[in-house]
Amino acid sequence: LDGVQYFSSKKINCQNCNTKKHKNGTTTYYHIAITPVFVAPGNNQVSSLPPEFITPQDGHTKQDCENAAAKRWLKQYAPVYKELGITILGDDLYCKQPLTSLIVEQGLSFILVCKPDSHKTLYQWVDEIDAIGGVETVVEKRWTGKTHQIDTYRFVNCVPIKDGQDAQNVNWCELTTTLPDGKILYKNAFATNFEI
């Protein structure tokens with residue numbers, strides 16, 4: 001899942017526009033949609049799925065957003081696609097409970113980017129588990145055809161995605177790719193409901 005802005009103007013607008021009010025008194029009108037696609041490892045074909053538009057919702061005082069649109073899309077289309085065994089991929093914006101809970105309730109799995117700044121409780125757990133040697137580490141060296149690269153995976157299962165008694169437990173994994181001299185080429189972390 002990912003969102004895309006496909007229209008923006010300070011003059012042209014319609015009743016379905018989202019709005020952003022600026023400090024200087026001007027307003028920007030824009031349109032955004034969630035644009036889900038099917039992708040698969042080793043396959044360069046991408047299949048587009050029905051979008052979900054982010055528009056003002058009747059009866060809502062709060063402006064519509066990507067998370068709300070993703071929830072609507074999941075409720076409508078997960079029953080259609082769950083038999084395919086799909087896994088929802090997305091950026092950190094989607095890595096929030098109750099969206100992760102909804103994904104699981106709809107019979108799907110997820111692998112979502114999980115950043116430290118937006119998951120403080122999860123990372124406190126990871127740090128505490130790491131301090132007692134509980135974070136697993138796997139290092140793989142590989143040849144790309146041009147250079148040697150080192151992939152370092154760090155992971156821990158069953159950590160809370162947020163603070164509170166109702167927190168959903170997720171599994172966390174971090175991947176850091178470096179050159180032999182230690183230069184970092186890639187670093188990211190993910191939350192998933194797949195046991196690692």
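Colleague: Which helix do W73 and Y77 lie in, and how many residues apart are they?

Modeller: Keep in mind that this is a predicted model. W73 and Y77 are both in helix α1, four residues apart, or about one turn of the helix.

Colleague: And how are the rings of W73 and Y77 set, what's the angle between their planes?

Modeller: The planes are at 35° and the ring centres 5.3 Å apart, so the W73–Y77 pair is tilted.

Colleague: Is W73 buried or exposed? What about Y77?

Modeller: W73 is buried, at 2% relative accessibility. Y77 counts as buried too, at 16%, because the cut-off for buried is under 20%.

Colleague: OK, how many aromatic pairs are there in the structure?

Modeller: Six. One of the pairs is F38 with Y81: the centres are 5.3 Å apart and the planes at 85°, so that one is edge-to-face. F38 sits in strand β4 and Y81 in helix α1, so the pair ties together parts 43 residues apart in sequence.

Colleague: Which residues do ring pairs link into a cluster?

Modeller: F38, W73, Y77 and Y81. Of these, F38 is partly exposed at 25% relative accessible area, while Y81 is buried at 13%.

Colleague: Switching topic: what's the volume of the largest pocket, and what lines it?

Modeller: The volume is about 400 Å³. The lining has 17 residues, with L1, V37, V39, T87 and L89 nearest the centre. Strands β4 and β7 each give two or more residues to that lining.

Colleague: What's the lining like by class?

Modeller: 13 nonpolar, three polar and one charged.

Terms used:
Residues numbered from 1 in each chain as written. Predicted model: local features only at pLDDT ≥ 70, side-chain atom pairs only at ≥ 80, totals over all residues. Heavy atoms only, no water. 1 Å grid on protein atoms, 1.4 Å probe; cavity = no way out; pocket = protein on both sides within 12 Å on 5 of 7 lines; lining within 4 Å. Points joined across faces, edges and corners; volume = space filled by probe spheres on them. Nonpolar A, V, L, I, M, F, W, Y, C, P; charged D, E, K, R; others polar. Phe/Tyr/Trp six-rings, centres within 6.5 Å; stacked < 30°, edge-to-face > 60°. Buried < 20%, exposed > 50% of the residue type's maximum accessible area, 1.4 Å probe, protein only.
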